[in-house]
Amino acid sequence: MDTETNVAVADSPTGAATEPTTNESVVIETRNLSKIYRDFWGRKKVHALKSLDIEVRQGEIFGLLGPNGSGKSTTIKLILGLLFPTSGRVLVFDKDAGETQKNERIGYLPEESYLYKFLTAEETLDFYGRLFDLSAAERRDRVSKLIEMVGLQGAKSRQLKEYSKGMTRRVGLAQALINDPDLILLDEPTTGLDPIGTREMKDLILGLRDQGKTILLCSHQLADVQDVCDRVAILHQGELKELGRVQDLLKVQDITEVHATGLSDDAKREIAELISRHGGKLESMDNPTATMEDLFLNIVRESEARPGARRVSQRPETAEGQPESDSGGSA
Amino acid sequence: MNLQPEDFWSFQQWFLRPGAFLESAALKGIVLFVLAVVLGLLVGYVISSARYGSGEGFYAVARAIRDFFRFDLPGTAPRRVLALARLAFKEAVRRKVLYVVGLFVVMLLLAGWYLNPQSDDPGRLYISFVLTATNYLVLALALFISAFSLPEDIKNRTMYTIVTKPVRATEIVLGRMLGFMAMGTVILVPMGLLSYFFVVRGLDHTHYEVEELVELPGGGYEGETDYVQFHSHKFTLGEDGLGTTNSVRGHRHVVIRQPDGSFRIGPPEGALRARVPSYGEMVFRDRSGNLDDQGIDVGSERLAGGYGSAGVARLIGVTGGQRKLLHGYIEGGTLGAAEFTFDNVTPERYPDNIPIDLSLRAYRSYKGDIETGIRGSISMKHPSKPIESNPIPFIVDEYEVDEKTLPLNIEGTDGTQTRELNVFEDLVDEEGRLTVIIRCLDRGQYLGATPSSAYLRPEENTFAWNLTKAYASIWLQMAMVTAFGVMFSTFLTGPVAMVATAVVVLLGFSAEQVYDTRHYIDAGINRGGGPIESMVRLIRQDAMTTELDVDTLAAKVIKTTDAGIVYVLDALATALPNLPKMVGTAEFAASGFDIFGALLARHATATLGYVVLAFIISYFTLKSREIAA
């Protein structure tokens, strides 16, 4: 058993949120934003977005959430000026979304990395660096840093057509960061990534936020959104259904959660009594199961630390004594 | 080579047309530009008012124009343009367009299959073959690479990562155009070099032996070379053992008798040339010696042709009638003559003699002596004084450039006395002008001439340089097609953009025919009529020149509709680049004429104009387009 005793009392089951220091200045603002897709003859096909009003503030991670076809991607494309609004406006850094100059401060990772397959990673990043009119020295510097950051040193001179999906995704992320942007738009950042990649992507996003960058991401991977976002907007069929802080939205008001390690059975019994004495109702008290993600990451981490060793040999110990943290359930 | 009046224009004459501004290229450019702006505003307004409502639409158009001048044009950064151009270039390379050079090599290797080795003028054949092949290959290539690239990027959405960077629409368009033009250049250079070697090596040959050698009584030799590459030459050597062969298949050889009695025959000379002509003013004199501006019309020649190109003036009907130069004929054995007055005849330009080239046509009213050609004479005359040299007789070589030299000292008449004349002292006036008179000596036969039929040849350029100029002309066409391809690809899908560009090219190529058709309709000449009338005639198997044989009402409907169609086509063809004129430079190179600098400058200016126009249109269409739609 772990000797560490660590009692955490948290309001939310996410470990993510240290309070974002949001400066109130608004980076993206949509006003009554609507988009109707029409066919060639001007007939209405889809009402993709209906009167969306959101504000993304500086330094926060804002999530757009919703099922397929809910208008997430449309919103991002409208913000980028890839689409023109049917009515309403989008302001990015107080400029109209149609203006090219705003792009100086924006990084965009599209849903799939739409890159030129005949370029190598280095050439790709250099090319996008040129599009920001960066000098040769600056480009060299940033390209090598970014390649290192996304972990593609070994493959930087290979053409992108030889890349796996995850690798392409990394190059995509690197190209989005080539200009050291203030605002980063990520369209489904974790699709196509394996669990490690997903974890790294999430850490990266948090790291960028810590550098003071504003991030707007859209996803239908709820877990990802929950893990990283400060605020989310939930869209469905083009309409905004919910908007708020992740903690607030997810907080279940009348349930209290206690995590503790090193408790004896007696102590647990005592806690249960304590709860009932105070008129509370103990709903469950047992050892939590780790998530598949944690398990997977543990395995990989260990195998990297001790290459070649068979995981199975030490497995029973952990498997049986699974709760490394003996925990109090919820009361 | 038969030149049209406009071929003689200097760059400035073409651009401004002093005295006839309506025909000028400058006006055409201005009109095109204004039209593009007006149409652009109109279409822009219609589209944006459909998008945003009529009031907002107006502001949207105004904003688009403001953005162009305030942000996008000044914001265009060379580094971004170059990056995009490099990308376009790489993409073209990846599409294996360089294989076209390989295809060209194969075409050259197999040339023996379709180039007649027994041709009378192999130089012309080879040169026009390589230039035509290059021209069409490169145009087709430009069509392909330029029309598909942008739509493909939009379809693959690679465009998303470009337009979300601070990239201006100007840069995207310019980058494509420059990238593809660079690609075209990279392809044209090896093609040019290959062509040069193909032509030079293909024409190179040596005769080794001498046959039928006869020693002349007065010293010197007469003989014939051996038969190599389907021809042999006759030659005469002087007493010094030096001489040249006669010209066969466009070239001759130098023959030298060496001290040991053997003969050395040099490489072919004169097959690849770039004559720099100095043309003069021409007038005709009729059979009684009176001035006549046309010469005699010997038949159907004068019927062909319409307006030629005269820009806006022709389109709005101010200029009508004949614009093409046709041969006027002079009658033999009379006072009829063609007089050419040349400028700038100075001892510096013509130190030894005056080379003059003739390309005359002959018209025979009776068979005469079929063994030999029609006889003519050249004499030199003072432009204003009655001083004239004695005529130098010659036999007209109808289908070739007849190269003559006029001596600097010649006997002639000064008023009434006969004396030895010096060309520069007696025949050239103070302004350096000299008149050359051409007459036909055979009674009842006729010689035809145009202003390009006789010219002095003060100098020659090298063939290599001339071929370079011909390739520059192809380059310009490639640039033009690329610009149009990119323009169409900003708002059409790849295949449609390619077809649209092809239509522009084809309409450009048939511009002259469209002009002609309109001329016939305007002038009421029965020449088959417009498209519908021609169709009716085809089905009814009627001849072109008969009256249309349908009832009056039907004829009226058909002719009115046809006129509408032809006028629209005419307007379009006038607006489009005159590509056949540019392809025409190949004819210069093939005929052994130096391509006029003015002509190349005109093509370059026109190309630049069209590229700029295409660039501006592309900018606005791309800018107003939803990339993600």
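Asp180(A) sits in the loop between α4 (165-176) and β8 (183-187) of chain A. This is a predicted model, in which local features need pLDDT of at least 70, side-chain atom pairs count only at pLDDT 80 or more, and totals for chains, interfaces and linings use all residues. Residues are numbered from 1 along each chain as its sequence is written, while chains are lettered from A and ligands numbered from 1 in the order in which they are written. Helices (H or I, at least four residues) and strands (E, at least two) are DSSP runs, numbered from the N terminus.

- Phi of Asp180(A) is near 50°, a positive value in a residue other than glycine.
- Asp180(A) counts as partly exposed because it has 15 C-beta neighbours inside 10 Å. A residue is buried if 20 or more other C-beta atoms lie within 10 Å of its own, exposed if 12 or fewer, and partly exposed in between; C-beta atoms are placed from the backbone.
- In chain B, Asn344(B) lies in the loop between β11 (337-342) and β12 (354-358).
- Asn344(B) also has a positive phi, near 60°, and is not glycine.
- With 16 C-beta neighbours inside 10 Å, Asn344(B) is partly exposed.

**Chain A overall**

- Chain A has 10 helices and 12 strands.
- Of its 331 residues, 35% are buried.
- Take the contacts in chain A between residues at least 6 apart in sequence: 72% of them join residues at least 24 apart. Two residues are in contact if their C-beta atoms, placed from the backbone, lie within 7 Å.

**Where chain A meets chain B**

- Here 24 residues of chain A contact 25 residues of chain B.
- On the chain A side, the elements giving two or more residues are α1 (72-80), β7 (106-109) and α2 (121-131).
- The largest share, four residues, comes from α2(A).
- That side of chain A has 15 nonpolar, five polar and four charged residues. Ala, Val, Leu, Ile, Met, Phe, Trp, Tyr, Cys and Pro count as nonpolar, Asp, Glu, Lys and Arg as charged, and the others, Gly among them, as polar.

**Helix pairs in chain B**

- Two packed helices are described by the angle between their axes and the distance between the axes.
- The axes of α2(B) (residues 25-52) and α3(B) (residues 54-75) come within 7 Å and cross at roughly 130°. Axes are lines fitted to C-alpha atoms, for helices over the stretch in contact, and angles run from 0 to 180 degrees between N-to-C directions.
- α2(B) and α3(B) are therefore oblique to each other. Angles under 35 degrees count as roughly parallel, over 145 as roughly antiparallel, 65 to 115 as roughly perpendicular and the rest as oblique.
- Residues of α2(B) including Leu41(B) and Tyr45(B) meet a set in α3(B) that includes Phe58(B) and Val61(B).
- By class, this contact of α2(B) with α3(B) has seven nonpolar, five polar and two charged residues.
- α12(B) (residues 463-489) and α13(B) (residues 494-509) pack at about 140°, with axes 8 Å apart.
- That makes α12(B) oblique to α13(B).

**Nonpolar cores**

- The largest nonpolar core holds 164 residues. Such a core is a set of buried Ala, Val, Leu, Ile, Met, Phe, Trp, Tyr and Cys residues joined through C-beta atoms within 7 Å.
- Ile79(A), Ala174(A), Leu185(A), Ala142(B), Ala483(B) and Ala589(B) touch the most other members.
- Leaving aside neighbours within four places in sequence, Ala174(A) contacts Leu125(A), Leu146(A), Ile147(A) and Val150(A).
- A second, separate core has 32 residues, among them Met282(B) and Leu406(B).
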